[in-house]
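I opened my notebook to look up a few things in a structure, one topic at a time. Here is the page to read alongside.

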Amino acid sequence: MHNAAFAALGLNWRYLAFEVDPKNLRAAIAGAQAMNFAGLNLTVPHKLLAVDMVDALDDSAKKWGAVNTIKFARSTGVSPANLSGIEGGTLALHSTGFNTDADAITQSLREDLKVELRGAKILLLGAGGAGRTAALKIASENVAELFLVNRTQSKAEEIAGEIKRQFPSVKVSTVYPKDNVDLILNATSLGLKHGDASPLDENEFSLKQTRAVYDMIYRPEETALLKAAKAAGCKTANGLGMLLHQGAKAFEIWTGQTAPLDVMRRALEGNVYGQ
Ligand code: ATR
């Protein structure tokens, strides 16, 4: 999607993927900086590690505690003490870490499912990295009640504790809801592999008790959860919109230009689903 966007805007830029071992992450970021890269995206398991590997954190990265986008820029004005400063007569590049995942979650929920988050009751499945960001971001939108359900309950409880501290007006629990909810959101990785079961325990909670279901997984296009949700008459969406919006925001951070969303969406669909 990025290369399609560069082409659409006539930018002679390239987006490339590199597989980096976590033990080499610091060296990889320094290497990209040394080679005058405009920036980087990072994915699992690098998003948490990178927080301590950039010169500065944007508010988005501070707030959500993870970095998925880095921008390299020449420092202007007085360079902070932790920057390498003037080298060979020019100001060195410095790195800033951003998080574009969190905003992309709520943007996609609104766009793809038309969910009104304020006052909503939401069942969130999963309490790993993606689940944590989703839970905190959703809590920040003044929802009424959040049910955090995870295979390992202690991880859900840890996030629930954080929500209680940061967003005391949101009711939060770590068990399945008794009554209807407005949305079920899957942030577990269950569904990624062919033949994976649904992450929702339908003995505990019926799909008839929700209006909408969002699965952060976008490949396969329709997980067992989304298939069952459609059959139950729910409005459904997969995580492609989230992938699109985190990418579009990163594009804007690097280039300073408005992302050509339609071009990016078409490129994504073509690459991910061969459409
Ligand atoms: P990510 O960064 O994509 O969130 P993660 O941090 O490894 O990845 O989190 C994976 C999530 O999927 C966790 O909530 C995990 O549950 P546990 O915390 O109990 O490990 C959940 N998950 C993975 N496999 C699962 C399975 N077979 N059944 C239920 N939940 C599963």
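**Ground rules**

I am working with a predicted model, in which local features need pLDDT of at least 70 and side-chain atom pairs count only at pLDDT 80 or more, while totals for chains, interfaces and linings use all residues. I number residues from 1 along each chain as its sequence is written, and my side-chain values use heavy atoms, with hydrogens and water left out.

**Entry 1: the ligand**

I asked which residues come nearest to the ligand. Of the 13 residues around the ligand, these are Ala130, Asn150, Arg151, Thr152 and Lys155; a residue counts as near if one of its heavy atoms lies within 4 Å. I sorted the shell by class and got four nonpolar, seven polar and two charged residues. Here Ala, Val, Leu, Ile, Met, Phe, Trp, Tyr, Cys and Pro count as nonpolar, Asp, Glu, Lys and Arg as charged, and the others, Gly among them, as polar.

Next I looked up polar contacts, meaning pairs of N or O atoms within 3.5 Å. The side chain of threonine 152 has an N or O atom 2.5 Å from a ligand oxygen. Arginine 151 also uses a polar side-chain atom, 2.9 Å from an oxygen of the ligand. Glycine 129 takes part through a backbone N or O atom, 2.9 Å from a ligand oxygen. Taken alone the ligand exposes 650 Å², and the protein buries 68% of that; the areas come from the Shrake-Rupley method with a 1.4 Å probe.

**Entry 2: salt bridges**

Side chains of opposite charge can pair when their charged atoms come close. A salt bridge is a side-chain nitrogen of Lys or Arg within 4 Å of a carboxyl oxygen of Asp or Glu. How many does the structure hold? I noted ten.

One of them joins lysine 137 and aspartate 103, at 2.9 Å from N to O. This pair links distant parts of the chain, with lysine 137 in helix H6 (residues 129-139) and aspartate 103 in helix H5 (residues 101-113), 34 residues apart. Helices (H or I, at least four residues) and strands (E, at least two) are DSSP runs, numbered from the N terminus.

Is lysine 137 buried or exposed? Lysine 137 is buried, at 8% relative accessibility, whereas aspartate 103 is partly exposed at 34%. Buried means under 20% relative accessible area, exposed over 50%, and partly exposed in between (1.4 Å probe, protein chains only).

Lysine 137 also bridges to glutamate 141, with the closest N and O atoms 3.3 Å apart. I then found that Asp103, Arg110, Lys137 and Glu141 are linked in a network of salt bridges.

**Entry 3: helix H9**

I checked the span of helix H9 (residues 240-255): its 16 residues should span 22 Å at 1.5 Å a residue, and the end C-alpha atoms are 22 Å apart, which agrees. The expected span is 1.5 Å times one less than the number of residues. Because 14 of its 16 residues are buried, H9 is largely enclosed by the rest of the structure. Just after H9, glycine 256 takes a positive phi of about 75 degrees.

**Entry 4: backbone details**

Most residues other than glycine have a negative phi, and most peptide bonds are trans. I wrote down two cis bonds: valine 44 to proline 45, with omega near 5 degrees, and arginine 219 to proline 220, with omega about 10 degrees. Lysine 114, which is not a glycine, has a positive phi of about 55 degrees, and lysine 114 is exposed at 57%.

Technical notes:
A polar contact is a pair of N or O atoms within 3.5 Å; within protein, one must be able to donate a hydrogen and the other to accept it, and residues adjacent in sequence count only if both atoms are side-chain atoms.
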